[in-house]
Amino acid sequence: MIPAARSDADWMRAAIALAGRGRALSSPNPSVGCILVRDDRVIGRGWTDRGGRPHGEAMALDQAGDAARGATAYVTLEPCAHRSQRGPACADLLIASGVSRVVVAVQDPDPRTNGAGIERLRAAGIAVETGMLESEARASLAGFLTRQTLCRPFVTLKLATSLDGQIALADGTSRWITGDAARAHAHGERAQHDAILVGGGTFRADAPKLDVRLPGLEQRSPRRVLLSRMGDAPPGWTGIAAPEDIATLDGTDWLMVEGGAEVAAAFLARDMVDRLLLYRAPVLIGRGMAALGDIALDVLASAHGRWRLDDTRLLGKDRMESYQRVR
């Protein structure tokens, strides 16, 4: 039986998956996935490499070589139009390769490109379609897009709690509320972030390493950021004095906030959390240390409609839930 031809959505979904390979590695550029297809066969694939070069289009075109002529390129972000000392514009590379069609998921909000890449491709006689799986691609580009629109990193707040919302016993004992599977998942999440932040209380109480302790991923440990009143930090850490200072963190599009309760509350009170990552263990603690401090909620009605569940799964005996901020 001859398999059915794959759709544009199928190929774009594959390009989005490829983009995930460069997440938290491609800074200062977003990780963009690209697949080149001809006669329903992949002839080239790429994603933004470590340090931002080569771009996904350049990697895929290099693989395809002359076979790219007449092919369709599926790209998660509009091909860049601006020339750089680090490499040519991807729109120009696609034109020179002879591709006949380009399918784009998300238009690039960077003012250096913003529509210019698409216009240049069309002016060269290349058919361009936009908006394919846009919402899924936006999720993969959320760090870059948040930096472009809100001038700060995309913030994930991670909490590991008991069923009754406690993060520790009353005396501060917190190791371990969740089990091995949940902790391994959390380390995988760390590997997808540029930086990870804790407050001074957590730093003094736990002396956290905040590294990735998964075989083969140790080198993807994020940079460590300490939120303290004076903005001081020990060697190997970056210090900031207020949540708003995350806007100054260089090369940081994806930021994970891990603790403690007052830091978590401070980010929530300022509406600076874009994703909630909750790990809940099937235990009750009762009187203990709550996961959150005051988040400046005055009217209960305003708490509704702010969070959308986008993933949930069992990790051993624990449950993980991921919520996106509805904006």
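Biologist: In which sense do strands E14 and E15 pair, and over how many bridges?

Modeller: First, the ground rules: this is a predicted model, where local features need pLDDT of at least 70, side-chain atom pairs count only at pLDDT 80 or more, and totals for chains, interfaces and linings use all residues. Residues are numbered from 1 along each chain as its sequence is written, and side-chain values use heavy atoms, with hydrogens and water left out. Strands (E, at least two residues) are DSSP runs numbered from the N terminus, and two of them pair if DSSP finds at least two bridges between them. Here E14 (residues 307-315) and E15 pair antiparallel over eight bridges. Arg 313, for instance, sits opposite Met 320 in E15.

Biologist: What lies between the strands in that hairpin?

Modeller: Two residues, and Gly 316 in this hairpin has a positive phi near 65°.

Biologist: Which strand do six bridges join to E15?

Modeller: That's E12 (residues 275-280), running antiparallel to E15. Leu 278 has Glu 321 of E15 as its bridge partner.

Biologist: How many residues of E15 are buried?

Modeller: Buried means under 20% relative accessible area, using a 1.4 Å probe and protein chains only. In E15 (residues 318-325), seven of the eight residues are buried.

Biologist: How many disulfides does the structure hold?

Modeller: A disulfide is a pair of cysteine sulfur atoms within 2.5 Å. The structure has zero. Cys 80 is in none, with the nearest cysteine sulfur, that of Cys 90, 3.8 Å away.

Methods. Buried means under 20% relative accessible area, exposed over 50%, partly exposed in between (1.4 Å probe, protein chains only). Helices (H or I, at least four residues) and strands (E, at least two) are DSSP runs, numbered from the N terminus.
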